[in-house]
Amino acid sequence: MSKVLEIDKLTRTYKSGSGSLTVLDSVSFELMRGDTVSIVGPSGSGKTTLLGLAAGLDAPSSGRVVLCGHDMGSKTEDERAYVRNRHVGFVFQSFRLIPTLTALENVTVPAELQGRKNATEEAMRLLTEVGLSDRMDHYPAELSGGEQQRVALARAFINQPDILFADEPTGNLDSDTGDHIVNLLFKLNETAGTTLVLVTHDLELAAKTGRIIRLKRGKLESQLDSRTDSQLDSQLDSETDSETGSSHV
Ligand SMILES: Nc1ncnc2c1ncn2[C@@H]1O[C@H](COP(=O)(O)OP(=O)(O)OP(=O)(O)O)[C@@H](O)[C@H]1O
Ligand SMILES: [Mg+2]
């Protein structure tokens, strides 16, 4: 089994007024090929920050990220972009589709960057799979939030990434569409061996992944193996009771 992601003492600090604010504090973990993990924790605990650093979109204040064998700290921005295009799929919490491109063009871009000849056909197949065969020529502004989210997922899938990061991948979807998207994510994991890193407030989704990493105020509070850890049910139960009274954290 090969190591896909190695994160070592990752710290991110922002300057704020007179002092500095540490939003991620010495977080370390490793993921192997085919692993599935959810990152959970309250709003503002550093989940999106961690995802951006792990995918090489942002640079840490200190600590190390090794992504598919590439030490991201020693790379230029262009080199990091190359590693991302080759190995990473990323679904942003706010989608970040290119507004001047249609849904089909948005999904096609990462495959065209690799010079793939069948980019358009593959993008059409993926958009059909996420239920958007009749929206391919729409621009992002002409799509609902859930439709934009599905375009973003199709874009993240197109290069069959080694690792896929998704920030609240079902956050804007009704439960049927959400279930369908979750099935697609796990199908990608099973068929292509893609490592999944999902930020979610949905504990049912979190329980489907092999591991659950919990952040609290920027620190890694716990790491549970969902398949073997008997604490999982009680932890999920207590969270459901204490935090919101629903199945969301
Ligand atoms: N550019 C920035 N400058 C200063 N502080 C920032 C910046 N970006 C994020 N933060 C702070 O970092 C903390 C963590 O933010 P982050 O977006 O990672 O949280 P999160 O766990 O993803 O929350 P949510 O569940 O609401 O999406 C927040 O307190 C936020 O205010
Ligand atoms: Mg977030």
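**Ligand 1 shell.** I looked up which element supplies the largest share of the shell around ligand 1 in this predicted model. I found that helix H1 does, with 3 residues. I noted that H1 spans 47-54, and that H1 and strand E2 (19-32) each supply at least two residues of the shell.

I then listed the residues around ligand 1. They are Tyr-14, Leu-21, Val-23, Gly-41, Ser-43, Gly-44, Ser-45, Gly-46, Lys-47, Thr-48, Thr-49 and Gln-93. Sorting the shell by class, I recorded 8 polar, 3 nonpolar and 1 charged residues.

**Sheet.** For the pair formed by E5 and strand E4 (residues 62-67), I noted 2 bridges in the antiparallel sense. I also noted that Val-66 stands opposite Asp-71 in E5.

**Nonpolar core.** I next looked up the largest nonpolar core, which has 60 residues. I listed the residues with the most contacts inside this core as Ala-54, Val-107, Ala-123, Leu-127, Ala-154, Phe-165 and Val-197. Helix H5 (residues 145-157) gives the largest share of this core, 6 residues. As background, I kept in mind that nonpolar side chains tend to be buried together in soluble globular proteins.

Leaving aside neighbours within four places in sequence, I found Ala-123 in contact with Leu-104, Val-107, Thr-108, Ala-111, Ala-154 and Ile-158.

Methods
Residues numbered from 1 in each chain as written. Chains lettered and ligands numbered in written order. Predicted model: local features only at pLDDT ≥ 70, side-chain atom pairs only at ≥ 80, totals over all residues. Near = placed C-beta within 6 Å. Helix = DSSP H or I, 4+ residues; strand = E, 2+ residues; numbered from the N terminus. Nonpolar A, V, L, I, M, F, W, Y, C, P; charged D, E, K, R; others polar. Core = buried A, V, L, I, M, F, W, Y, C linked by C-beta atoms within 7 Å. Buried ≥ 20, exposed ≤ 12 C-beta atoms within 10 Å, placed from the backbone. Contact = placed C-beta atoms within 7 Å. Pairing = 2+ DSSP bridges.
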